[in-house]
Amino acid sequence: ITLISALTVLGASVTHAIDKQVTQNMRADYAVSALLSLPVAPTLLPAIARTPGVAAYSALDDQRLRSGGKDLPVTGVDAKSFDQLIVPNMVSGSPAALRRGEILVDQDHVVNDDWAVGSTVPVTYPDGSSGRLTVGGVYRNSEVLGSVLMSRSVLSPHTTAPFYSTVLVKGATGAIASLQQALKDSTGDNPLINVRTKQQMRDHFSSQINLLLDAMYALLALSV
């Protein structure tokens, strides 16, 4: 019973934290994503960009680099529209560093890798090429943002294929139902494509946590 209570409290705490992160870290009004953890097709980006009422958008390209003998998950973003869509809780440095080709990293890398603003990080890209990236800013850990952000203009030339997990969209007049429907229409009204509002993003993260908790409760019940 004590363990179940602890899991319930932990689940509530994590849900609250992620809800707060979505609220604080996101200026985007909508998130376009595919079901079953599939990537959003690159061919949909021009259609999203042309949708009436879209003020800014950025695909999030999830890739894995190598650094220091281990995987380094990174997310490529559009540096030009970044500040209209995402608001990292900065500890040091500035999001403007993305426009200079530098990276933003979360506090875990400061603690675990001894990185700081100005540090240079040797990396191997997915296409096998190597380079060095400069840390331009550090932000508070966020499940919503991931651990490393970098400009797609720096990342894309060194990947074998994009993996657009999400496309963030900012509406010219905010989140309105007509824009959400227009985005669905622009993506071909595909049943595999979701267009979520901020509240729907929060609900989505909460449901994933609840599924994980349900699985853990079931394992506990089987162990009794």
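Predicted model: local features only at pLDDT ≥ 70, side-chain atom pairs only at ≥ 80, totals over all residues.

Q: How is Lys-184 classed: buried, exposed or partly exposed?

A: Lys-184 has a relative accessible area of 29%, so it is partly exposed. The residue belongs to helix H6, which covers residues 177-186. Beyond four places in sequence, Lys-184 touches Asp-189 and Val-195.

Q: Which strands does E9 pair with, and in what sense?

A: In a regular strand the side chains alternate between the two faces of the sheet. Here, strand E1 (residues 30-34) pairs with E9 in the antiparallel sense over three bridges, and Ala-31 stands opposite Leu-168. E2 also runs antiparallel to E9, joined by seven bridges; there, Val-54 stands opposite Gly-171.

Q: How many of the eight residues in strand E9 are buried?

A: Seven of them are buried, so by the cut-off of under 20% relative accessible area E9 (residues 164-171) is mostly covered.

Q: Which residues touch the most other members of the largest nonpolar core?

A: They are Phe-82, Ile-86, Leu-104 and Leu-168, within a core of 19 residues. Strand E2 (54-67) and helix H3 (82-85) each give two or more residues to this core. Apart from it lies another core of 16 residues, including Val-32 and Tyr-164.

Q: What does Ile-86 contact beyond its neighbours within four places in sequence?

A: Ile-86 is in contact with Asn-25, Arg-27, Leu-60, Leu-145 and Leu-168.

Definitions and conventions. Residues numbered from 1 in each chain as written. Heavy atoms only, no water. Helix = DSSP H or I, 4+ residues; strand = E, 2+ residues; numbered from the N terminus. Buried < 20%, exposed > 50% of the residue type's maximum accessible area, 1.4 Å probe, protein only. Contact = heavy atoms within 4.5 Å. Core = buried A, V, L, I, M, F, W, Y, C linked by side-chain atoms within 4.5 Å. Pairing = 2+ DSSP bridges.
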